[in-house]
Amino acid sequence: MSTIEELLRAREGPMTSELVLRPGDFGLGRVPARLKPVATTTAVCGFCSTGCGLKIHLNEAGEAINLTADPEHPVNLGMACPKGWEALTPLAAKDRATTPLLRNPATGELEPVSWGVALGAMVRNFRGIQEKHGRAAVSFLSTGQIVTEEMALLGALAKFGMGMRHVDSNTRQCMATSHVAYKQSFGFDAPPFTYQDFEDSDALIFIGANPCIAHPIMWQRVMRNRRKPEIVVIDPRRTETAMAATLHVASRPKSDLVLLYGLAKALIDRGAVKREFVAAHTSGFAEFEAFVVEFTLERTAAETGLAVKTIERLAEIVATKERVSFWWTMGVNQSHEATRTAQAIINLALMTGNIGRPGTGANSITGQCNAMGSRLFGNATSLIGGYDFGKEEHREHVARILGVDAAAIPDAAGLAYDQILEAVERGEIRGLWVIATNTAHSWINQRTFAALRAKLDFLVVQDMYATTETARMADLVLPAAGWGEKDGVLINSERRLGVVKKVARAPGQALSDFAIFKLVAEAWGCGEMFRAWKSPEAAFQILKELSRGQPCDFSGIRDYAHIEAEGGIQWPWPEEKAEGLKGAARHRRLFEDGRFFTADGRARFFFDRPRPLPEPPDAEYPLLLLTGRGSSAQWHTGSRTDKSAVLRKLAPRELYVEINPRDAARWRVAAGERVRVRSRRGSCEALAFVTPTVQVGQVFLPMHFADVNKLTFPVFDPHSRQPGYKAAAVRIERLS
Ligand SMILES: Nc1nc2c(c(=O)[nH]1)N[C@H]1C(S)=C(S)[C@@H](COP(=O)(O)OP(=O)(O)OC[C@H]3O[C@@H](n4cnc5c(=O)[nH]c(N)nc54)[C@H](O)[C@@H]3O)O[C@H]1N2
Ligand SMILES: Nc1nc2c(c(=O)[nH]1)N[C@H]1C(S)=C(S)[C@@H](COP(=O)(O)OP(=O)(O)OC[C@H]3O[C@@H](n4cnc5c(=O)[nH]c(N)nc54)[C@H](O)[C@@H]3O)O[C@H]1N2
Ligand code: SF4
Ligand SMILES: [Mo]
């Protein structure tokens, strides 16, 4: 058997490290040219926000044969998780969308059509809707998983070219809370950290984050920490990360706000407040100090379900460690009081002076590979480039750079995701364009989306696959190229820009999202507006201009080659100091000078009274449902990761529900038994996974299975409008 056959066979096995290509393996003369590596290029991974660097091995035609983790990249230092190693596999899946598909009204089926027919149908239908119901009757829902240049082009095209008013993306499901929290507290949406802080901390406090599963390479960075750090995990579940921690704080779900206020009070009582820092660099602390007085240890313990000594231990760690970093993810962002919870974390970092120094920070870990790009350039909540729709001077500035009429820019942010869907329900929004997100699976209380489909006159879905739950509902499917089939820039959690590249040809007639948006602009008749957006790299030059003078200024980056040569570049990188990143400059954190982006340069304390769970368990639905990531081999709705045999082997194939042994005994459920999990909105079948990692009275379902969001309770944070996916009342029913 030839080496190449062995290698191909190894692709089916779980040992992804065997996939490393060594030139020696190809010395047999029997290897087809298309599988012979003759060159290597680099790109950052297109799954999670860690932004690992990959080396991609190419044949003579410049096509990717395989990849390895990049030891030179400052993010991952030669490591990658299973998704990264398997990143090329989903590109070759059989169910790739290879041609536009239009629903034939006669047969009710999606049928292949040419791009010309597809674009004609899209423009005719969307324009028809706008003529009848107003320009705001067409919306888009997009993503944190396309390149920044594409996001910006889409946002500009839709709002300035096509007259849409209400557009949003799956970043609402994910990072909206961090966006609003930072913007209010720091004056700009600016996660302050660098990954080096994982290694430089004396105490790392993870709140509602499970990096062992969701950000495995960030966790590897924690494991490289040589300072013997305390690792605290605040999570109701005993997750993989909690098991590896030095202290697991298993608080009651959604009691974080009380816990963090209680912790603030305990720190004040211990005299752990850095008064000088607070006086010089913050505002609102006196009010905050007065507010937290009522959060006594006893009250905090009673409302969080924790022992007083656990809270005291936590306070001791924060008070005594020199460098304390706080890290939060979806356990915080997805809640009915998410923004204030995120800000309660920010408050702790500010009052203890744990910001702007190595190993510190109030750090929101982002989710998708380009969630940061969508926050800056999505043109949804913030005007493209991190500006405000509400400010005339901002609109004029952006209009000038883009060469569009300032009057085309709306003077207020539009509706959020949930409000767009409500407008669909009311019949006000009738046309919807869904790009690189799988709403019918991932949206909360998913039954509403299926019902809403019937209310839409025209649904366009632009995806790599025609088989997603959402694509199957579409009137028109536009086939998109994916990661590895196009060029552009992604921005990772630590604000680092990285380049992705075309190393594979998209199948059939699939096109990059950039090319599709350009085609739509032409078909719509506003192509002229986007002449300067000739290519992703030309668009990047426009984005640089938009960033100039903003906190996210990256005008000092020359081009893609410059980003690659530096191993990625973190913003800010303004032109005036762009002399090159040497040594420590490869890892930069914000606020080292204590100046924030607010008008007075001070960070602000925000707080509010905690509110009760919107749907608490009761006699009828006695269990609280938590949802989240289940394995490092599964990505969200599975449209990409389910296509890899390696990743399929690394993850459960059937929906399971984690249930505590005491609850299992109470409801007479045996391990491995198939049960029904029911909420007031819907139900699903799952295998019972009896495990003490969930507390009594709680169950956990992984979000990767489409049925899970039939159960979730649609509640939204009032400031960020992010859905609270992680708290719904359910019950368990036996099937026999
Ligand atoms: N393998 C894999 N990795 C991923 C993803 C993926 O789909 N698969 N998705 C990416 C994306 S987009 C995101 S946003 C991130 C998400 O990354 P994480 O937020 O780390 O993942 P989750 O599992 O959603 O939620 C984290 C934890 O929040 C806990 N939690 C639930 N309710 C509460 C609460 O009230 N308080 C506290 N303190 N904790 C609570 C849950 O038990 C869970 O362990 O992962 C990214 N990485
Ligand atoms: N119950 C529950 N639900 C949740 C969550 C939870 O914790 N619990 N988490 C929420 C969070 S944080 C998130 S981020 C969302 C994610 O939810 P989704 O965004 O719906 O999930 P994905 O599976 O990542 O969908 C991305 C889609 O984009 C397509 N795609 C990938 N690359 C490209 C490209 O380059 N171009 C185009 N056009 N298409 C592409 C993929 O094929 C896939 O269908 O889920 C949310 N839903
Ligand atoms: S940790 Fe994230 S960025 Fe790194 S290889 Fe895995 S999915 Fe890709
Ligand atoms: Mo996310």
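Reader: Is helix H8 largely enclosed or largely open, and why?

Author: Helix H8 covers residues 216-223 in this predicted model. It is largely enclosed by the rest of the structure, because six of its eight residues are buried. A residue counts as buried when its relative accessible area is under 20%. In H8 that applies to Pro-216, Ile-217, Met-218, Trp-219, Arg-221 and Val-222.

What do these buried residues pack against? Their partners include three helices: H6 (196-200), H7 (211-214) and H9 (240-244). Two strands also take part, S8 (203-207) and S9 (230-234).

One of those partners leads on to a ligand. Helix H7 supplies at least two residues of the shell around ligand 1. In total, 31 residues surround ligand 1. The closest are Ala-214, Asp-235, Lys-254, Asp-256 and Gln-634. Ligand 1 sits in the second largest cavity.

Now look at the polar contacts of ligand 1. A polar side-chain atom of Asp-256 lies 2.7 Å from a nitrogen atom of the ligand. Backbone atoms take part as well. A backbone N or O atom of Gly-208 is 3.4 Å from a nitrogen atom of ligand 1. For Ser-632, a polar backbone atom is 3.5 Å from a ligand nitrogen. Taken alone, ligand 1 exposes 910 Å², and the protein buries 99% of that.

Then turn to ligand 2. It sits in the largest cavity. The shell around ligand 2 draws two or more residues from strand S15 (458-463) and from strand S21 (623-628). This ligand is surrounded by 35 residues. Asn-170, Ser-442, Asp-463, Asp-513 and Thr-637 are the closest. A side-chain N or O atom of Asp-463 is 2.6 Å from an oxygen atom of ligand 2. The side chain of Thr-637 also has an N or O atom 2.6 Å from a ligand oxygen. Asn-709 places a polar side-chain atom 2.8 Å from a nitrogen atom of ligand 2. On its own, ligand 2 has 930 Å² of accessible area, and the protein covers 99% of it.

Asn-379 is found between helix H17 (371-377) and helix H18 (392-402). Its relative accessibility is 1%, so Asn-379 counts as buried. A polar atom of the Asn-379 side chain lies 3.0 Å from the backbone oxygen of Gly-155. Asn-379 also touches other residues, among them Ala-156, Lys-159, Phe-160 and Val-167.

Methods
Residues numbered from 1 in each chain as written. Chains lettered and ligands numbered in written order. Predicted model: local features only at pLDDT ≥ 70, side-chain atom pairs only at ≥ 80, totals over all residues. Heavy atoms only, no water. Buried < 20%, exposed > 50% of the residue type's maximum accessible area, 1.4 Å probe, protein only. Helix = DSSP H or I, 4+ residues; strand = E, 2+ residues; numbered from the N terminus. Contact = heavy atoms within 4.5 Å. Polar contact = N/O pair within 3.5 Å; in protein donor to acceptor, adjacent residues only side chain to side chain. Near = heavy atom within 4 Å. Areas by Shrake-Rupley, 256 points an atom, 1.4 Å probe, with all protein chains shown as cover. 1 Å grid on protein atoms, 1.4 Å probe; cavity = no way out; pocket = protein on both sides within 12 Å on 5 of 7 lines; lining within 4 Å. Sits in = over half its atoms within 2 Å of the grid points. Lists of a residue's contacts leave out its neighbours within four places in sequence.
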